[in-house]
Amino acid sequence: MTTAAFDGTLTRDWMHRFADSVYATEAELTALDQRVGDGDFGNNLTAGVRAAQRLLDAQGEGSGPSATLGFMATAFLDEIGGTSGPLFGLLFQALSRAASGDGLTAAGLAEGAEQGLAAIRRVGDAAPGDKTLVDALTPAAAALRASEGTPPGRALARAAEAAWQGVHDTAGLSARMGRASYLGERVTGIPDPGAVGVALFFASAAGPVHALAPYLPEAV
């Protein structure tokens with residue numbers, strides 16, 4: 001992708017590829033969350049993208065990137081339960097607000113990711129190192145900011161690479177938030193499912209992810 005900005009069509013295609021990634025990896029996400037959480041992350045993420053696709057399909061093909069990401073935010077904030085739905089909704093909401101009249105640029109992606117990260121940290125009270133999705137979103141946002149001025153597809157590829165590294169890093173962390181924090185050393189070696197979801201989102205800009213195994217630590 002060499003375009004200087006994602007228009008509505010490119011943004012919509014990204015969201016549909018994200019949905020495809022979630023559908024393809026739902027069972028793996030569920031199995032991962034059963035080891036460290038409530039076991040509902042895969043189902044919740046699937047419900048979110050399915051609800052978002054209904055909104056996108058009802059709107060038709062003419063939506064710009066801000067509206068498309070706004071529909072994602074609405075679906076996750078208003079229709080999905082659990083902890084993860086609202087947090088992903090805040091990220092989509094911030095990305096929607098960062099889209100300009102020129103479309104979604106690398107600078108806009110960086111701004112949206114940073115604002116989304118700030119909102120998630122404010123609401124969830126999580127910090128880097130707590131073994132949450134923040135550990136993938138923080139390096140992804142930094143990669144986007146470092147890629148400002150490059151085509152958005154290239155910036156998103158760098159964000160995905162950084163997010164997957166963040167996923168690997170969570171495997172070595174002790175959880176300080178959520179149910180996983182009560183499991184102690186039993187969650188060591190297992191990456192955080194929310195962090196995996198963030199990496200899936202950025203990676204799907206280039207194409208759907210059909211399986212998680214190639215992206216996760218070998219011991220998982």
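**Close-up views of a predicted model**

**Figure 1. A positive phi at D125.** D125 is found in the loop between α5 and α6. In this predicted model, D125 has a positive phi of about 55 degrees, although D125 is not a glycine. Is this residue buried or exposed? D125 is exposed, with a relative accessible area of 63%.

**Figure 2. A positive phi at K131.** K131 also has its place in the loop between α5 and α6. Its phi is near 65 degrees, again a positive value in a residue other than glycine.

**Figure 3. Helix α3 against helix α4.** Helix α3 spans residues 65–79 and helix α4 residues 84–98; their axes come within 7 Å and cross at roughly 160 degrees. Because angles over 145 degrees count as roughly antiparallel, α3 and α4 are roughly antiparallel to each other. The crossing in which α3 passes α4 is left-handed. On the α3 side, the contact residues are S66, L69, G70, M72, A73, F76 and L77. They meet G85, P86, F88, G89, L90, F92, Q93, L95 and S96 in α4. Sorted by type, the residues of this α3 and α4 contact are 10 nonpolar, six polar and no charged.

**Figure 4. Helix α2 against helix α3.** The axes of α2 and α3 lie 8 Å apart, and the two helices pack at an angle of about 135 degrees. α2 and α3 are therefore oblique to each other, and their crossing is right-handed. From α2, the contact takes in L45, G48, V49, A51, A52, R54, L55, L56 and Q59; α3 brings T68, F71, M72, T74, A75, F76 and E79. The residues of the contact of α2 with α3 divide into 10 nonpolar, four polar and two charged.

**Figure 5. Inside the largest nonpolar core.** Which of the 64 residues in this core touch the most other members? They are W14, F18, L144, W164, F201 and F202. Two or more residues of the core come from each of α1 (8–36), α2 (41–59), α3, α4, α5 (106–124), α6 (134–146), α7 (152–171) and α8 (193–203). As general background, nonpolar side chains tend to be buried together in soluble globular proteins.

Technical notes. Residues are numbered from 1 along each chain as its sequence is written. This is a predicted model: local features need pLDDT of at least 70, side-chain atom pairs count only at pLDDT 80 or more; totals for chains, interfaces and linings use all residues. Side-chain values use heavy atoms; hydrogens and water are left out. Axes are lines fitted to C-alpha atoms, for helices over the stretch in contact, and angles run from 0 to 180 degrees between N-to-C directions. Helices (H or I, at least four residues) and strands (E, at least two) are DSSP runs, numbered from the N terminus. Angles under 35 degrees count as roughly parallel, over 145 as roughly antiparallel, 65 to 115 as roughly perpendicular and the rest as oblique. A crossing is left-handed if the near helix is turned anticlockwise from the far one by less than a right angle, and right-handed if clockwise. Contact means heavy atoms within 4.5 Å. Ala, Val, Leu, Ile, Met, Phe, Trp, Tyr, Cys and Pro count as nonpolar, Asp, Glu, Lys and Arg as charged, and the others, Gly among them, as polar. A nonpolar core is a set of buried Ala, Val, Leu, Ile, Met, Phe, Trp, Tyr and Cys residues joined through side-chain atoms within 4.5 Å. Buried means under 20% relative accessible area, exposed over 50%, partly exposed in between (1.4 Å probe, protein chains only).
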